[in-house]
Amino acid sequence: MAAEDDALVEVQRVSVQFGSQRILRDISLRIPRGQTVVLIGESGCGKSVLMKSIIGLVKPASGRVEFDKRDMHSLNDKELSRERKRFGFVFQNAALFDSMTVGQNVAFPLKQHAGYSHAQIEELVISKLAEVGLPRTVILKKPAELSGGMRKRVGLARALMLNPELVVYDEPTTGLDPIMSDVINELILRTRRNNPVTSIVVTHDMHTARKVADRVVMIYPLVRLDEGEDQVLYDGPPEEMDDCRDRRVRQFVHGEAGERLMEMSLEDTSV
Amino acid sequence: MSQAVNPISRTQNAINDWIRDWGRVVVESVTAIGAFAHFVLRTWAWMFTRPPRRETILPNFYQVGVQSLPVIALTGTFIGMVLAVQSFAQFEQLGLESQMGAVITMTLVRELGPVLAAVMLAGRVGSAMAAELGTMRVTEQIDALASMGSNPIHYLVVPRFLACLMMIPALTIMADFMGVAGGHFFSVFVYGVDSHHYWSNARDFVGVFDIMSGVFKSIFFGAAIAMVSCYQGFHCAPGAEGVGQAATKSFVYSFIVILIMDLLIGIAVEAIYQSIWPDGPRLF
């Protein structure tokens, strides 16, 4: 019960709509401090949208998102900026500022919000890059000169710069080779070990989900659900996913196309 | 089995479609104007809440001001020379070549200088701003900025707005100066108009009010270019096509706004001129 009461993030009946297209319907989620929650689901089901609405980048059509008991969507620009210093966000494609060097990218949060001297900032940047396994020689490089895995690690270093309470990872291993994917998974685990952070990981990589999750939440595309059906198909520990009663969860976990193959063959015959 | 369609219900459907289509156009237009107004107000609010940092403002001043100078100077020079070419034949027939200085200078400082400087700025800087911010939007760099607790309007839009607002008067003066120089050069050295009469006529007809009204107008043009371009960049559609459209729209809309503002400010300036000098010559 104590953990329940100590929820860092609370999503209450959130619905999101873009134009006439509904993405999320009445999603509720409670994330206690220190927990690593992995959001899984097929492409286009609204995982990233849910995550962006948690940190206030997407405004829900209805419902409420609380971060540390404060309603994120009732805050003004200034208050929102202040709260966001408590987040670290690792973007799918790293979203590094391409006009800046790696060093300037990693130093950016410090320069914006903390009153450190130039020498202190340089020292902190080097140590944060070392934490994610990058040498100091990358500091002067531009993001375009880095590989995908290096860009992700620079993105992680930048996200951790202000020692956030909540770290959000959007598809951290997408587009990476298996070895680099495992390096990123290890970094997620190491980050949690070294700092008392709460983490949300959005992925459809089941290897990542099994390795880093305390809890897995699976959401399903709204267009494939019946009216009134809960969009969250699974919410529980990663070990129990394989034995879930819902066929759609098992199908996703085992990577089986199932009835989607039927849809494809129907389309083929109709041509 | 084809069924006969009632002509009355067909007409009703056509009317309903027409009303729905126009209704959608009106709603979308009002929404777009509202969103743009909200964007402008947020920019103003951030500008007065916290001034932007030097490292964000200086590169924009350099890009808008210094890097636009050559193209603005070149445009001004050639427009001045073209004005001389176009007006010489007419004035020569009337024996009024010495009046060319007044006409060329007046046209440049009141109208062509500010408008051409603004159009060049919209093409050179406005489109680049829309494309840059659009790319940042598409690659989630604007979201990254927001997620790190920086306000994207404060960090990206306010410096660009201030740069356009403060640099365009200087660029307009440069366009005026180069245009006047170009016009003088062509009139005196190519067509042989007397330099002394050229300048004395220009001095008699063109006053400080005329120069300042052009510079004053340009401030509004600069503000409009920055706002339209940044808005298009911030609301860019996904993909390379979206970025291209944002750049194109930013120039087209800026150009339309410049023309509308030019007319409205022209009417207002004329009214002010007439109220200050009721017996003075009518300029429009």
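Chain B holds nine helices and zero strands, and the coordinates to be described here are those of a predicted model. Read from the N terminus on, the elements of chain B follow the order α-α-α-α-α-α-α-α-α.

The overall dimensions of the chain come next. Of the 284 residues that make up chain B, 42% count as buried. As for how the chain meets itself, if one takes the contacts in chain B between residues at least 6 apart in sequence, 87% of these join residues that are at least 24 apart.

One pair of helices can be followed in detail. Two packed helices are described by the angle between their axes and by the distance between the axes. In chain B, helix H4, which covers residues 100-138, packs with helix H8, which covers residues 208-234, at an angle of about 15°, and the axes of the two helices lie 8 Å apart. Because angles under 35 degrees count as roughly parallel, H4(B) is therefore described as roughly parallel to H8(B). The crossing in which H4(B) passes H8(B) is right-handed.

Key. Residues are numbered from 1 along each chain as its sequence is written. Chains are lettered from A and ligands numbered from 1 in the order in which they are written. This is a predicted model: local features need pLDDT of at least 70, side-chain atom pairs count only at pLDDT 80 or more; totals for chains, interfaces and linings use all residues. Helices (H or I, at least four residues) and strands (E, at least two) are DSSP runs, numbered from the N terminus. A residue is buried if 20 or more other C-beta atoms lie within 10 Å of its own, exposed if 12 or fewer, and partly exposed in between; C-beta atoms are placed from the backbone. Two residues are in contact if their C-beta atoms, placed from the backbone, lie within 7 Å. Axes are lines fitted to C-alpha atoms, for helices over the stretch in contact, and angles run from 0 to 180 degrees between N-to-C directions. Angles under 35 degrees count as roughly parallel, over 145 as roughly antiparallel, 65 to 115 as roughly perpendicular and the rest as oblique. A crossing is left-handed if the near helix is turned anticlockwise from the far one by less than a right angle, and right-handed if clockwise.
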